[in-house]
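The following note sets out some points for a colleague who is new to this structure. Please read them beside the sequence and the model.

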Amino acid sequence: MALGAALLSACDLVPTSPRPEPRAPAPVVEKVAVAPSARSEALSAYYATVQRQLLAQGLLRKDGGGPDTPFAKRNLIDNFIQIAAFEEYTIDGLSAQQSGNESRIRRWNKPIRMDVEFGDTVPEDARQLTQAGLTKYNSRLSRIIDRRISMVPAGGNFHVAVLSVDDLEGFAPRLQQLVPGLSTRVAQELIDLPRVQYCAIFTFFDSAAPNEIDSAVAILRAEHPPLLQEACIHEEIAQGLGLSNDSPAARPSIFNDDDEFAFLTRHDELLLEILYDPRLPLGTGPAAARPIVEAIASELLGGES
């Protein structure tokens with residue numbers, strides 16, 4: 001990525017006319033929220049039904065696991081390799097497609113600065129709730145990976161967009177602004193989410209450092225009820241840190257498409273600790289990573305088999 005800078009100069013100005021009379025302050029114009037469209041309201045009803053059904057099945061658990069979800073070192077190692085060293089999707093510059101291929105250990109090396117933007121229909125109370133949830137969650141993640149994740153008003157490298165279905169439809173040009181060099185075709189593919197896909201995360205890499213995450217964009221649907229929205233925050237932000245795949249064997253875990261757990265579990269915290277352990281080199285493939293992961297997991301679990 002090329003960076004450019006412009007240097008602006010200024011000179012002193014000598015007044016040549018009397019100072020104007022002070023003006024009355026401009027009236028404050030409050031931003032009026034845009035009413036959601038009919039299809040956005042229909043989608044809100046759909047996701048509210050989804051959440052009720054998941055809860056009725058005992059899913060979207062908040063407890064992080066317990067006696068019914070034991071895991072041992074071997075589980076943790078196998079799950080880590082599958083989740084951190086294999087790809088769920090690939091973006092080849094022309095298209096985005098499901099992968100499942102072997103990958104490499106990838107993570108952030110530079111400071112993570114997160115900014116959030118909202119679609120016009122997102123009400124103020126929902127914005128505040130999302131901001132507060134992200135701030136609290138990022139504090140937790142910062143402790144786990146020993147790397148600060150700071151919230152910034154704009155100009156971040158980890159972007160979170162909370163969008164209604166109508167906002168999402170026109171988001172491709174904005175996505176290209178956030179990720180310079182992204183083609184129109186790929187940008188459009190990335191935002192073309194079926195309604196069964198609750199949310200999405202995309203990570204991007206500089207060709208000069210292909211195993212260091214350069215930026216990320218998370219898309220959260222504005223139509224979600226609070227619990228489903230918070231579950232999306234937990235999964236997508238954690239995946240954006242480098243745990244990019246899912247595994248049906250991972251339990252208790254949010255890196256599993258079964259929706260059993262809504263929030264990051266202790267198992268998942270350990271996955272992140274392993275990923276950000278400096279003994280695990282960037283770019284390591286699955287086979288080479290395994291003995292290193294075994295050593296780290298043994299320390300974290302006290303040698304439990």
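1. L270, E273 and I274 in α8 meet V293, I296, A297 and L300 in α9, where contact means heavy atoms within 4.5 Å. By class, this contact comprises six nonpolar residues, no polar ones and one charged; Ala, Val, Leu, Ile, Met, Phe, Trp, Tyr, Cys and Pro count as nonpolar, Asp, Glu, Lys and Arg as charged, and the others, Gly among them, as polar.

2. The model is predicted: local features need pLDDT of at least 70 and side-chain atom pairs pLDDT 80 or more, while totals for chains, interfaces and linings use all residues. Residues are numbered from 1 along each chain as its sequence is written, and side-chain values use heavy atoms, without hydrogens and water.

3. Helix α8 covers residues 266–275 and helix α9 residues 286–300; their axes come within 10 Å and cross at roughly 130 degrees.

4. Closest to its centre, among 21 lining residues, are G156, N157, H159, L178 and P180. A pocket is an open set of points on a 1 Å grid where a 1.4 Å probe fits, with protein on both sides within 12 Å along at least five of seven lines; lining residues have an atom within 4 Å of a point.

5. To the lining of this pocket, β3 contributes the most, with four residues. The lining consists of eight nonpolar, six polar and seven charged residues.

Technical notes
Helix = DSSP H or I, 4+ residues; strand = E, 2+ residues; numbered from the N terminus. Axes fitted to C-alpha atoms, helices over the stretch in contact; angles between N-to-C directions.
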